[in-house]
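The following note sets out points for a colleague who is examining this structure. Please read it with the sequence and the coordinates at hand.

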Amino acid sequence: MTQRDGHGEHGHGPGGESHDGHGHDGHGHGQHGPATISVAEHRARILAAVSSLPARTVPLALAQGRVLAADVVARVDVPGFENSAMDGYALRQADAAAATPDAPVTLQVVADLPAGSAEDPPLAVGDAARIMTGAPVPHDADCIVPVEDTDGGTVTVLIRRAPEPAAHIRHAGSDVRAGETVLPAGRMLGARDLAAASAVGVRELLVHPAPRVGVLSTGTELRPAGEPLARGQIHDSNSILLAAAVAECGGIPVQLGSVPDDEDALRATLEKHAGSVDAFVTSGGVSVGAYDVVKAVLAPLGVWFGPVRMQPGKPQGFGDWPGRDRNAGTPIFALPGNPVSVFISFEEFVRPALLAMQGRTDVQREVVRGVASEQWRSPAGRAQYMPVVAERHSDGTFAVRPASGGGSGSYLVASLAGANAVAAVPEDVTMVQAGDLVDVTLVP
Ligand SMILES: Nc1nc2c(c(=O)[nH]1)N[C@H]1C(S)=C(S)[C@@H](COP(=O)(O)OP(=O)(O)OC[C@H]3O[C@@H](n4cnc5c(N)ncnc54)[C@H](O)[C@@H]3O)O[C@H]1N2
Ligand code: MOO
C-alpha cells in the first residue's frame, strides 16, 4: 500500500477529496468538539450513549432473533420418563437372551403402547408389550427389540435376535436435568434455542425487545419509488435501504417517509414520532449546503455534527432528540444523503448501536482477509470504505476488486447492489496496489 509521508497525526487541513469531487476535510462545518474524529472514536461514542432496551417477557413464538436477558433453567427432566427409541417390543432382556434367526423365541404380546400412552402394563416372564417410538417403557421391561428383529406379531411375537441389556431405551434426564441451565443470558435466540426452551417446559422468555427505528429521508428533490420524476427530482432510495437494513439486523423499521428541506416539517415529524420509536435514522441535510435542514434543526438542540475521517460518510450527526417531561431523549442518527454514504454509515455506526440496543455484545461484523486484485486510490487522512466484489479462494482468503468502475463515489447507488463486501482501507493509505492485503467485511 502507498502511505502518505508522515506529517504526524491526522491533521485537519484539506487532506483529501471525496471521489465524487466535492469533499474538503475538516473545516467550515461549524461542528462542536474536535475538528475530526476517527470511525472508531465516533462508534465508541455512539455505543457509550446507547444501552440495551429494558427486557420484556414474550412468548417463544416471538423470541426468535431476540437476546435472552436471563438464564433459562430446565423446569423438568428431558426426557421426562424412560421411553422407547424404536418401534418394536418392550420386554425382559433375559426372556430373549437366547434368540437367534434360526432359533427365535416366542413371547406373548400383552399390551400395545403408542406414543402418548399412559399405561404401565405389568409384564410376566415371557410377556412383551408392542411399543412405539416415544412411548413410556413399562417398569417391568428392561430393553426394546426393534420390529425389524421380529415377525411383527400382535398376539404372540417371534424374537429373532437377542437384545443387548437396556437396548433402545432413552433414560429420563439423559438430555438435561431439571434445574440445569439450558440457555445462558446474552444468547441470541435461534430455532434450536427456542426448541430447547420449549422442551424444558418454558413458554415465555425474558428478552431485549427489537428496537423500533423511525426512518426519515430529507430532501425536496425526493419522490417515492416508481413515481415519475421532473427535472432535478430523484427516487428516495435511502429510506428503502435503511428500512431493509434495520430489519436485517433485527430492528423494526418505521417508515416516516420523506420531508422537504423545511425545518418546521422536519421538526413536526420528529416530534410526532419521538414517543413511539426507540431511535431515528435520517438521511441528507447534514453537510454544509444552504438547505441542510437536519443540521439546522438538530445542532441547536445539542446534537453533535462533524466530519468523521472516513470516505464515504464524512458528515455525520449523532445525539438525542429531546424527550418531553424529563423523559429520556430518542437517539438520532443523522446520516449524510449520498446513498453509498448511507449504507457505509449504517454498517459502521447504526447497526452496532441497534445490536447493542438489542442486548448484543458482538456488534461488529467479522473481518476477513482480502487480497486486492486491482489497484485503486484512497483519500489521504480518511479511512476508505470501498464497496467490493469479494471472491473466495480455496485457502479461505478473498480476492477483492471495487464493485464499480466509478470507484468509491458515494452517489453510485445502483453499483452498490453489485458489491458483496466492503474493503476498509486505513487513513494513511493513498493507493491500494494489486496484491495488497486489505480488511474485508462481507455484507448481506
Ligand atoms: N461544499 C461541500 N459540499 C459537500 C461536502 C463538503 O464537505 N463540502 N460533503 C459532501 C459529502 S462527502 C457528502 S456525503 C454530502 C452529504 O450531504 P448531505 O448530507 O447534506 O446530503 P444532501 O445534500 O441532502 O444529499 C446528498 C446527495 O444525496 C442524494 N440523496 C439525498 N437523500 C436521498 C435519498 N433519500 N435517496 C437517494 N438519494 C438521496 C441527494 O440528492 C444528493 O445528491 O455532501 C457533499 N457535499
Ligand atoms: O464521501 Mo461523502 O463523505 O460522499 O459520504
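How many Å separate the centres of domain 2 and domain 4, taken over C-alpha atoms? The separation of these two centres is 40 Å. The points below concern a predicted model.

1. Domain layout. The chain is divided into domain 1 (21-53 + 213-357), domain 2 (56-78 + 185-208), domain 3 (83-170) and domain 4 (367-442). In an unreviewed entry, UniProt records the feature "domain: MoaB/Mog" at residues 214-356.

2. Surroundings of ligand 1. The shell around ligand 1 comprises 31 residues, of which Asn238, Gly284, Ser287, Pro336 and Gly337 are the closest. Two or more residues of this shell come from each of helix H3 (238-248) and helix H6 (339-357). Sorted by class, the shell holds 18 polar, nine nonpolar and four charged residues.

3. The open sheet. Six strands make up an open sheet of mixed pairing, ordered E17-E14-E18-E22-E21-E19. Strand E17 (252-259) and strand E19 (304-307) are its edges; each has a single partner strand, so one side of each is left without a neighbour in the sheet. From one strand to the next, the twist averages 15°. Within this order, strand E21 (residues 315-321) and strand E22 (residues 330-335) run antiparallel and are joined by five bridges. Gly319 has Ile332 in E22 as its bridge partner.

4. Strand E8 (residues 127-131) is mostly covered, with five of its five residues buried. In a regular strand, side chains alternate between the two faces of the sheet. For E8, one side carries Asp127, Ala129 and Ile131 and the other carries Ala128 and Arg130, and all of these are buried. Strand E6 (residues 88-91) runs antiparallel to E8 and is joined to it by four bridges; Leu91 stands opposite Ala128. Strand E7 (residues 105-113) pairs with E8 in the parallel sense, over five bridges, and Gln108 has Asp127 as its bridge partner.

5. Cis peptide bonds. Most residues other than glycine have a negative phi, and most peptide bonds are trans. The bond between Val78 and Pro79 is cis, with omega about -10°; Pro79 is placed in the loop between strand E4 (72-73) and strand E5 (83-84). The bond from Gln311 to Pro312 is likewise cis, with omega near 0°, and Pro312 lies in the loop between strand E20 (310-311) and E21.

6. Positive phi values. Ala166 is a residue other than glycine with a positive phi, near 65°. Its place is in the loop between strand E10 (156-159) and strand E11 (169-170). His168, which is not a glycine either, has a positive phi of about 60° and lies in the loop between E10 and E11.

7. Are Ala166 and His168 buried or partly exposed? Ala166 counts as partly exposed because it has 13 C-beta neighbours inside 10 Å. His168 has 20 such neighbours inside 10 Å and therefore counts as buried. The cut-off that decides the matter is 20 or more other C-beta atoms within 10 Å for a buried residue.

How values were computed
Residues are numbered from 1 along each chain as its sequence is written. Chains are lettered from A and ligands numbered from 1 in the order in which they are written. This is a predicted model: local features need pLDDT of at least 70, side-chain atom pairs count only at pLDDT 80 or more; totals for chains, interfaces and linings use all residues. UniProt positions are given in the numbering used here, feature names are shortened, and annotations may be inferred rather than shown by experiment. A residue is near a molecule or strand if its C-beta atom, placed from the backbone, lies within 6 Å of it. Ala, Val, Leu, Ile, Met, Phe, Trp, Tyr, Cys and Pro count as nonpolar, Asp, Glu, Lys and Arg as charged, and the others, Gly among them, as polar. A residue is buried if 20 or more other C-beta atoms lie within 10 Å of its own, exposed if 12 or fewer, and partly exposed in between; C-beta atoms are placed from the backbone. Two strands pair if DSSP finds at least two bridges between them. Domain bounds come from an automatic or database domain assignment. Axes are lines fitted to C-alpha atoms, for helices over the stretch in contact, and angles run from 0 to 180 degrees between N-to-C directions.
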